[in-house]
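Thanks for coming. I will go through one structure, helix by helix, and then stop at a few single residues. Please keep the view open while I talk.

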Amino acid sequence: MMMSDVNRSDWAALILRVLLGLVMLAHSLYLKLLVFTLAGTAQFFESLGLPAVLAYLVFGVEAVAGVMLLLGYRVRLAALALLPILVGATWAHAGNGWLFTNAGGGWEYPVVLAMLTWLQFLLGGGVLALDSRTPARGAVCHDASAP
C-alpha cells in the first residue's frame, strides 16, 4: 500500500476507531474495573433495575471491542456490539438532564459516543485497519509476477 492510496476517509476511519477504542478501554478497564469496581458497577446496574450479570457483560464487550477497534479487527462487528451498550448508557443517564457534568452524568456524552460508533460502523476500519491487510475469505490474490 502506497501512502497516496490512503485517502481522507481512511484517515477518518483510523482516527475515529483509535479514539473509540481508547474511550471504550478507559470505560471498561479504568472506570468500571478500577474506579467503580466490577462489584460496584453491578450494584449500579441493579439500582437501575437491570440484572447484575449485565454489568460484567458490558465490561467484557467494552474491553474486547475497544481492543478490536484499536487493532482494526472486525471493526463493524465491534461497533455493532457497542451500539446497544451506548444506547443503554443514554437511557441510564437520561433522567439526569442533558449535560454530562450534571449529578449522575447527563445523556449528552453517551449519545455522542453512540453516534460516533454508528459512524464507525458505516465507515468500517478503512485501509489502515488490520482487516485490510488480510485478504477476505474467498478472495483470489493475483500476483503480477506469476506466469
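This is a predicted model: local features need pLDDT of at least 70, side-chain atom pairs count only at pLDDT 80 or more; totals for chains, interfaces and linings use all residues.

Residues are numbered from 1 along each chain as its sequence is written, and side-chain values use heavy atoms, with hydrogens and water left out.

The helix labels come from DSSP runs (H or I, at least four residues, for helices; E, at least two, for strands), numbered from the N terminus.

Now α3 itself. Helix α3 covers residues 53-71, which is 19 residues. How far apart should its ends be? The expected span is 1.5 Å times one less than the number of residues, so α3 should span 27 Å, and its end C-alpha atoms are 28 Å apart, which agrees.

Which residues of α3 are buried? They are Ala-55, Val-58, Phe-59, Glu-62, Ala-63, Ala-65, Gly-66, Met-68 and Leu-69. Buried means under 20% relative accessible area, exposed means over 50%, and partly exposed is in between, with a 1.4 Å probe and protein chains only. When you read that list, remember that an α-helix has 3.6 residues a turn, so residues three or four places apart point the same way.

Two packed helices are described by the angle between their axes and the distance between the axes. Axes here are lines fitted to C-alpha atoms, for helices over the stretch in contact, and angles run from 0 to 180 degrees between N-to-C directions.

Start with α3 and α4. Their axes come within 9 Å and cross at roughly 150°. The two helices are therefore roughly antiparallel to each other. The cut-offs are under 35 degrees for roughly parallel, over 145 for roughly antiparallel, 65 to 115 for roughly perpendicular, and oblique for the rest. The crossing of α3 and α4 is left-handed, meaning that the near helix is turned anticlockwise from the far one by less than a right angle; clockwise would be right-handed. On the α3 side the contact (heavy atoms within 4.5 Å) is made by Val-58, Val-61, Glu-62, Ala-65, Met-68 and Leu-69, and on the α4 side by Val-75, Leu-77, Ala-78, Ala-81, Leu-82 and Ile-85. These divide into 11 nonpolar, no polar and 1 charged. In this count Ala, Val, Leu, Ile, Met, Phe, Trp, Tyr, Cys and Pro are nonpolar, Asp, Glu, Lys and Arg are charged, and the others, Gly among them, are polar.

Next, α4 and α5. Their axes come within 8 Å and cross at roughly 160°. That makes α4 roughly antiparallel to α5. The crossing of α4 and α5 is left-handed. Among the residues that meet are Leu-83 and Leu-86 in α4, and Trp-118 and Phe-121 in α5. The contact of α4 with α5 divides into 15 nonpolar, 4 polar and 1 charged.

The crossing of α1 and α5 is left-handed. The contact includes Leu-16 and Leu-20 of α1 and Leu-116 and Leu-119 of α5. It divides into 12 nonpolar, 4 polar and 1 charged.

**Loops and single residues**

Most residues other than glycine have a negative phi. Where are the positive values? Just after α3, Gly-72 takes a positive phi of about 75°. Arg-74 has a positive phi of about 50° although it is not a glycine. Arg-74 lies in the loop between α3 and α4, and at 39% relative accessibility it counts as partly exposed. Thr-37, in the loop between α1 and α2, has a phi near 65°, again positive in a residue other than glycine.

Tyr-73 is also in the loop between α3 and α4. Its C-alpha atom is separated by 6.8 Å from that of Ala-129, 56 residues apart along the chain. Leaving out residues up to four places away in sequence, Tyr-73 touches Met-68, Leu-130 and Asp-131.

Last, Thr-41 in helix α2. Is Thr-41 buried or exposed? Thr-41 is buried, with a relative accessible area of 4%.
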